[in-house]
Amino acid sequence: MKFNTKTIHGGQSPDKAYGSVMPPIYQTSTYAQSTPGGHKGYEYSRTHNPTRHALEHAFASIENGTHGLAFGSGLAAIDAVIKLLKPGDEVISTNDLYGGTYRLFTSIFEKFQIKFHFIGMNKASDIKSYINANTKLIWVETPTNPMLNIIDIKAVSAVAKKHNILLAVDNTFATPYLQQPLDLGADIVMHSATKYLGGHSDLVMGALVVKDIDLANKLYFIQNASGAVCGPQDSFLALRGIKTLHVRMQRHCENGRAVAEFLAQHPNVETVYWPGFETHPNHNIAKQQMNDFGGMLSFTTKGNRYEAAIKTVERLKVFTLAESLGGVESLAGHPASMTHASIPKEEREKTGVIDSLIRLSVGIEDSYDLIQDLTQALST
Ligand code: P1T
């Protein structure tokens, strides 16, 4: 089945009870048993729920995996992956990543003696010097949030496999429409489904997909034992969102390109970070591992002045100033004071998250209106 068909039908069939085409919202915590253990496959909704099940099948289908797992947030999904580890284990992670992921790693899991190395991965070979006998996981965001760095998944996977290390890829920015990490050698693909998969800024959810039964079973155990699952109503919304992922992404990519090209020639803009530019350091890798360049981009205003960046985002009218990304509506953010405020200033500035950086999640409105809005916001 091709991707554009999988988004609509992947892992789904009409409901067995009455043939309903959309999966019913099984809004129940528990299921009747005729005798202890005598049930129809479902006992308790933390463990299993038919609506969540349908969504988990859809996740697996669109990411070319065999097993999908849905969580109550993207961070809950990441939390489950790190719980595969034990004290003394080490993780090598991209140094440019969502601030909440950095906070989870450093403020929660370092307490449990898991060690994290945050490094630039623009050259996959740079990872090798951080590997030792305790290294158990490589955590990659690509494109990264918010600098839009591109990491070569195939090359990192070759290093990981050689040393028997798990590779997890946060595919939130790209979505499976643009990039399928399991096909490129990753062991785990993760999503903040809050973003493009949901697509309408109306839910908070996380996803994991794997293609190895043992790994799947370990993660299902953690999902049930730790219990950070999503509810049936949100599962339904995510299933509905995924059905239009391919058409939304096509427009996100077109609008992303139009906005990136507009900003690149604007006199009040210093630098635009977008993997579609030939000048992007890993443009060629982006071309190889992605089908297009997406709707996320960041840029700096001239002069690196905090006030200038803040004034710019405050003046926007079609773009909404808000955390998050990946919805049909365009959003703008100021990473240094919003999504990446939990990363110490010194650390974030090393990766380029400076005071004048603005991040855009380019939505699917008419690109004319988006460019008009940026024109007025950048005019002074
Ligand atoms: O918000 P949540 O669903 O828990 O997902 C966390 C997360 C994980 N990975 C990436 C790449 C993310 O961007 C996020 C969440 N990001 C934002 C809220 C943001 O505005 O960047």
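The C-alpha centres of domain 1 and domain 2 sit 25 Å apart. Domain 1 covers 3-242 and domain 2 covers 246-377, with bounds taken from an automatic or database domain assignment. This is a predicted model, where local features need pLDDT of at least 70, side-chain atom pairs count only at pLDDT 80 or more, and totals for chains, interfaces and linings use all residues. Residues are numbered from 1 along each chain as its sequence is written, and side-chain values use heavy atoms, with hydrogens and water left out.

Now the interface. How many residues of domain 1 are in contact with domain 2? The count is 43, and they meet 41 residues of domain 2. Contact here means heavy atoms within 4.5 Å. The size of an interface is often given as the accessible area lost when the parts come together. For these two domains, about 3,300 Å² is buried, 61% of it on carbon and sulfur atoms. That is accessible area (1.4 Å probe) lost on putting the two parts together, summed over both. In domain 1, Met 147, Leu 178 and Tyr 196 lose the most area to domain 2. Together they give 24% of what that side buries.

What holds charge across the boundary? Salt bridges between the domains number zero. A salt bridge is a side-chain nitrogen of Lys or Arg within 4 Å of a carboxyl oxygen of Asp or Glu. Polar contacts do cross: 18 residue pairs, both at pLDDT 80 or more. A polar contact is a pair of N or O atoms within 3.5 Å; within protein, one must be able to donate a hydrogen and the other to accept it, and residues adjacent in sequence count only if both atoms are side-chain atoms.

On the side of domain 1 that touches domain 2, helices H1 (3-9), H4 (99-108), H5 (153-162), H6 (175-178) and H8 (232-242) each give two or more residues. Helices (H or I, at least four residues) and strands (E, at least two) are DSSP runs, numbered from the N terminus. That side divides into 20 nonpolar, 18 polar and five charged residues.

Next, the ligand. A backbone N or O atom of Ser 324 is 2.7 Å from a ligand oxygen. Asn 145 has a side-chain N or O atom 3.0 Å from an oxygen of the ligand.

Stay with Asn 145. A cis peptide bond joins Asn 145 to Pro 146, omega about 15°. Thr 142 to Pro 143 is also cis, with omega near -10°. Pro 143 lies in the loop between strand S4 (135-141) and H5, and Pro 146 is in the loop between S4 and H5 too.

Last, helix H2. The salt-bridge count comes to eleven. One of them pairs Arg 52 with Glu 56, closest N and O atoms 3.4 Å apart. Both lie in H2 (residues 50-62), four residues apart, about one turn of the helix. In the loop between H2 and strand S1 (67-71) comes Asn 64. Asn 64 is not a glycine, yet has a positive phi of about 55°.

Technical notes: Nonpolar A, V, L, I, M, F, W, Y, C, P; charged D, E, K, R; others polar.
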